[in-house]
Amino acid sequence: MVAALAIAITHVTVIDGTGAPARAEQTVVIEGSRIRSVGDARIPKDAQVIDGTGKYLIPGLWDMHVHLLARPEKAFPKLLASGITGIRNMHLEAEDPLVTAVRLRREVASAAIEGPHIVTNGPMIDGPIPVWSAAVTAGDAASARRAALAMKKGGADFVKVYDFLPRDAYFALAAEARKLHLPLVGHVPIWVTAEEAARAGQRSVEHLSGIFESCTADGNVDRDMKRAANLWPISRQESAKQMHALLFHAAATYDPQICAPLYRLFAEKRTWQCPTLVALGEVREAGLRVVRQMHAAGVPLLAGTDAGGSANVEPGESLHRELELLVEAGLTPMEALQAATRNAAVFLGRKDIGTVEKGRLADVVLLDGNPLEDIRNTRRVAAVILRGRLIDAASSPQSSATPGAGTQPGPRR
Ligand SMILES: [Zn+2]
């Protein structure tokens, strides 16, 4: 890899992601992999100058829920061309998911291959009969603790729980993960309530899982859901069918009053929500309502898509759609943008990414339109810079739909 030269973007309007208003006529200087200055007119002699007249500079975007590491050579060019400079991998269906993910994380970090920053789990942790075959199974507390330790030793950034993890295994895992400083994220398992997950310290909840079940006006849903889940070992198909139907019923009988205390708890505990509205299918309308209410209650939000995990969710494009849906749910364009930039950095506890500020990694996206006027303008990518290197987006294929290649939906969607 050739060392990055200095880059100066001149006359550009900077939307730095901190929440500050857009600033016109800025010069942004990038040296090596870092942002050297913002607003300073001094341009290094050897700098490559990019005229930013009429353009907008935003932080690189993070898709905080993907399953794209099985075919990175297909996914990475699409992500980068769409301005996505970081991903949170949430499971990989492969023989050795953690080894593969850790290798890819290292290879993109050293620029051996061109791809977004990766944070990753190992295989997700599910009950004795897992939904996904590469999942690690834990039927009791002891095996859950062993699984957490294996993830830590293998280099996982966090651990993800899934639908059928039993209660005792879940709470043992939560305690062990805390001890190991391994954030616990994922679905809210069927045998645990969303409130319990928040109190156990789960750091993020995906796809609004557990929310509809907790907020329905129909008091029988919880019992019926557990009955349907108990069918899983006997007939996966019948079990999944019943659980689907119950989820739709719960969404249709959603009661905002019932959920108000839960959202207060999420806000207080900083239980982040990654709603993946783009992947919610038939319950999306209800999902929009939920996100609107959560946002008003101060629940912290992340932008993610489930690309690679849900059919018809295209890597890259889908994150822009998710931002549009977040705006539809009541976020301002600035807040939607922050869900995919600054919030990702805060959630990950990283000070090197997420905003366009001096000293940050130079992961930035140049746009042809103002995303604060119309969030759809995040799609108008003029240039992408990753770790100080200008990505040749023109050479990246923008689209070729591959709906959920080789994947299967979970039982709840
Ligand atoms: Zn997923």
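Two strands pair if DSSP finds at least two bridges between them. Strands (E, at least two residues) and helices (H or I, at least four) are DSSP runs, numbered from the N terminus.

The model is predicted: local features need pLDDT of at least 70, side-chain atom pairs count only at pLDDT 80 or more, and totals for chains, interfaces and linings use all residues. Residue numbers start from 1 along each chain as its sequence is written.

**Stop 1: the hairpin of S16 and S17**

Select strand S16, residues 381-386, and strand S17, residues 389-391. They run antiparallel and are joined by three bridges. Two residues lie between the strands of this hairpin, and Arg-387 takes a positive phi near 50°. Centre on Ile-385: it is the bridge partner of Val-364, and it stands opposite Leu-390 in S17. Five of the six residues of S16 are buried, so the strand is largely enclosed by the rest of the structure. Here a residue is buried if 20 or more other C-beta atoms lie within 10 Å of its own, exposed if 12 or fewer, and partly exposed in between, with C-beta atoms placed from the backbone.

**Stop 2: the parallel sheet**

Select S6, S7 and S8, which form an open sheet in that order with parallel pairing. S6 (61-66) and S8 (117-120) stand at the edges with a single partner strand each, so one side of each has no neighbour in the sheet. Neighbouring strands are turned by 20° against each other on average, direction ignored. S7 (residues 84-89) pairs with S8 over four bridges, and Gly-86 has His-117 in S8 as its bridge partner. Show helix H2 (residues 97-109) next: it packs on the sheet, touching S7 and S8, and its direction makes about 155° with that of S8.

**Stop 3: H3 against H4**

Select residues 141-154 (H3) and 167-179 (H4), which pack at about 35° with axes 8 Å apart. Axes are lines fitted to C-alpha atoms, for helices over the stretch in contact, and angles run from 0 to 180 degrees between N-to-C directions. Residues of H3 at the contact include Ala-144 and Ala-148; those of H4 include Ala-172 and Leu-173. Contact requires C-beta atoms, placed from the backbone, within 7 Å.

**Stop 4: Phe-212**

Finish at Phe-212, whose contacts beyond four places in sequence are Leu-247, Ala-250, Ala-251, Tyr-254, Val-283 and Ala-286.

Terms used: Two residues are in contact if their C-beta atoms, placed from the backbone, lie within 7 Å.
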